Amino acid sequence: MKKTHKFSIFLLQQFAFHFLLTANSQPTTDSCSSNNLLPKNQLPFDPSSFTCLPVWNSHSFILRYKRTDLSVWSFVLSAPNANAYIGMGFSPDGKMVGSSAVVGWVGDGGAPTMKRYYLGGQSPSLVQPDQGTLLLVNRSSSVVADDSRIYMAFRLIADRPSDRVIYSIGPAGQLPSSATFRLAQHQDQISTFLDYTTGQSQTKTLYRRLRRSHGVLNLFGWGIVVPFGIMAARYFREWEPVWFYSHIALQTLGFVLGLLGVIFGLVLENRLGTKVNTHKGIGIFILVLGCLQVIAFLARPKKEAKVRKYWNWYHHNVGRILVIFAIANIFYGIHIADGGVAWNAGFGVAIAILFMATFILEIRHWMIT
């Protein structure tokens, strides 16, 4: 009997150990494998059987959806509770401007609020509350928040919602007031493509070719070809007149590529409806410097002219300034375009090679002069 009693105690201990281990292994935040953590009793419908997928990993946005009637789609969007509004928009073309959205937040007093918005422009005054094309089922919407997550649930009347879905998160601590319900400029946003049939969501990069063309043209034009042209003029003057024609050819090619890159950038900004004032301002400044270099070449005085030394000083230093700003703006452009490690590393390696070549050639230049 004693052995049987000890064995029973052992089994109970093992059961308790495995129970605690299993309990501790359960997710502590919302995920597609943690429907038991959903505040089901506070939501207008139970989303346990809905299709669930992460839609914005960098901000831990999780979407659950299901067609719950012939022309009714039910959605629950879950996100970290960061004292900010969360938004889900449906766009005809993947752009934020022109889309209709549902936005939810929990106020300082704990009052949940959800409203429809029409995103008519980039400024807050053009984001209009209670407007847009979305039709919501009455009394089927709610916003629920706990210490870690906020849940926005709504039912949308549509044969099939737009598959171009946009998500946004507002700045922390800047919630809309009940006076105007005006939204502050979002902290971050993303445009995605949602396949309702397969339950797959992917980031949708708008105007991919135009973006790539803008980046590649500026990178090669201002960032690589123009520095090579400067090197040809400074370090290979003993090969007359090859250095001169090489310099002219490279600078002309770099200017044309850079000019096309700036034009593509302006077109891209207009189509996306985004504001990249710093990047655009530096790009235009670089283009102006390039135009000044072209004018300087056309007005180049003869070698024996007294003003030639001033022209040389101007021409050389404007060129150096252009390259410095170009390299900085290219890295900045990669950053705001989320180009990632590959673009940064690729351009960084190219700049490192240019720097090493310049260093070696500069030593050679001082040795032979």
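Helix 4 and helix 5 are roughly antiparallel to each other, a description used for angles over 145 degrees, whereas angles under 35 degrees count as roughly parallel, 65 to 115 as roughly perpendicular and the rest as oblique. The axes of helix 4 (residues 277-298) and helix 5 come within 9 Å and cross at roughly 155°. This is a predicted model, in which local features need pLDDT of at least 70 and side-chain atom pairs count only at pLDDT 80 or more, while totals for chains, interfaces and linings use all residues. Residues are numbered from 1 along each chain as its sequence is written, and side-chain values use heavy atoms, with hydrogens and water left out.

**Helix 4 with helix 5**

- Two packed helices are described by the angle between their axes and the distance between the axes; the axes are lines fitted to C-alpha atoms, for helices over the stretch in contact, and the angles run from 0 to 180 degrees between N-to-C directions.
- The crossing of helix 4 and helix 5 is left-handed, a term that applies if the near helix is turned anticlockwise from the far one by less than a right angle, with right-handed used if the turn is clockwise.
- By class, the contact of helix 4 with helix 5 has 16 nonpolar, nine polar and no charged residues, where Ala, Val, Leu, Ile, Met, Phe, Trp, Tyr, Cys and Pro count as nonpolar, Asp, Glu, Lys and Arg as charged, and the others, Gly among them, as polar.

**Helix 2 with helix 5**

- The axes of helix 2 and helix 5 come within 9 Å and cross at roughly 150°, and helix 2 and helix 5 are therefore roughly antiparallel to each other.
- Helix 2 and helix 5 have a left-handed crossing.
- On the side of helix 2, the contact (heavy atoms within 4.5 Å) involves residues including Trp222, Val226 and Ile230, and on the side of helix 5 the residues include Leu322, Val323 and Ile330.
- By class, the contact of helix 2 with helix 5 has nine nonpolar, three polar and two charged residues.

**Helix 5 with helix 6**

- Helix 5 (residues 308-336) and helix 6 (residues 340-368) pack at an angle of about 165°, with their axes 10 Å apart, and they are therefore roughly antiparallel to each other.
- Helix 5 passes helix 6 in a right-handed crossing.
- Helix 5 contributes Ile327, Ile330, Phe331 and Ile334 to this contact, and helix 6 contributes Gly340, Trp343, Asn344, Phe347, Gly348 and Ile351.
- By class, the contact of helix 5 with helix 6 has seven nonpolar, three polar and no charged residues.

**The whole protein**

- The protein has six helices and twelve strands, which are DSSP runs numbered from the N terminus, with helices being H or I of at least four residues and strands being E of at least two.
- The radius of gyration, taken over C-alpha atoms, is 30 Å, well over the 21 Å that the globule rule gives for 369 residues, so the protein is more spread out than a compact globule; the globule rule is 2.2 Å times the number of residues to the power 0.38.
- Along the principal axes, the C-alpha atoms of the protein fill a box of roughly 110 × 65 × 40 Å.
- Buried residues make up 37% of the 369 residues, where buried means under 20% relative accessible area, exposed over 50% and partly exposed in between, with a 1.4 Å probe and protein chains only.

**Backbone details**

- Most residues other than glycine have a negative phi, and most peptide bonds are trans.
- A cis peptide bond joins Glu240 and Pro241, with omega about -5°, and Pro241 is found in the loop between helix 2 (208-235) and helix 3 (242-272).
- Asp130 has a positive phi of about 60° although it is not a glycine; Asp130 is found in the loop between strand 7 (127-129) and strand 8 (142-145), and is partly exposed, with a relative accessible area of 42%.
- Arg139, also not a glycine, has a positive phi near 55°; Arg139 is found in the loop between strand 7 and strand 8, and is exposed, with a relative accessible area of 89%.

**Two residues in helices**

- Ala232 lies in helix 2 and counts as buried at 9% relative accessibility; Ala232 touches Trp243, Ser246, His247 and Leu250, not counting residues up to four places away in sequence.
- Tyr245 lies in helix 3 and counts as exposed at 55% relative accessibility; Tyr245 and Gly229 are 16 residues apart in sequence and 9.8 Å apart in space, C-alpha to C-alpha.
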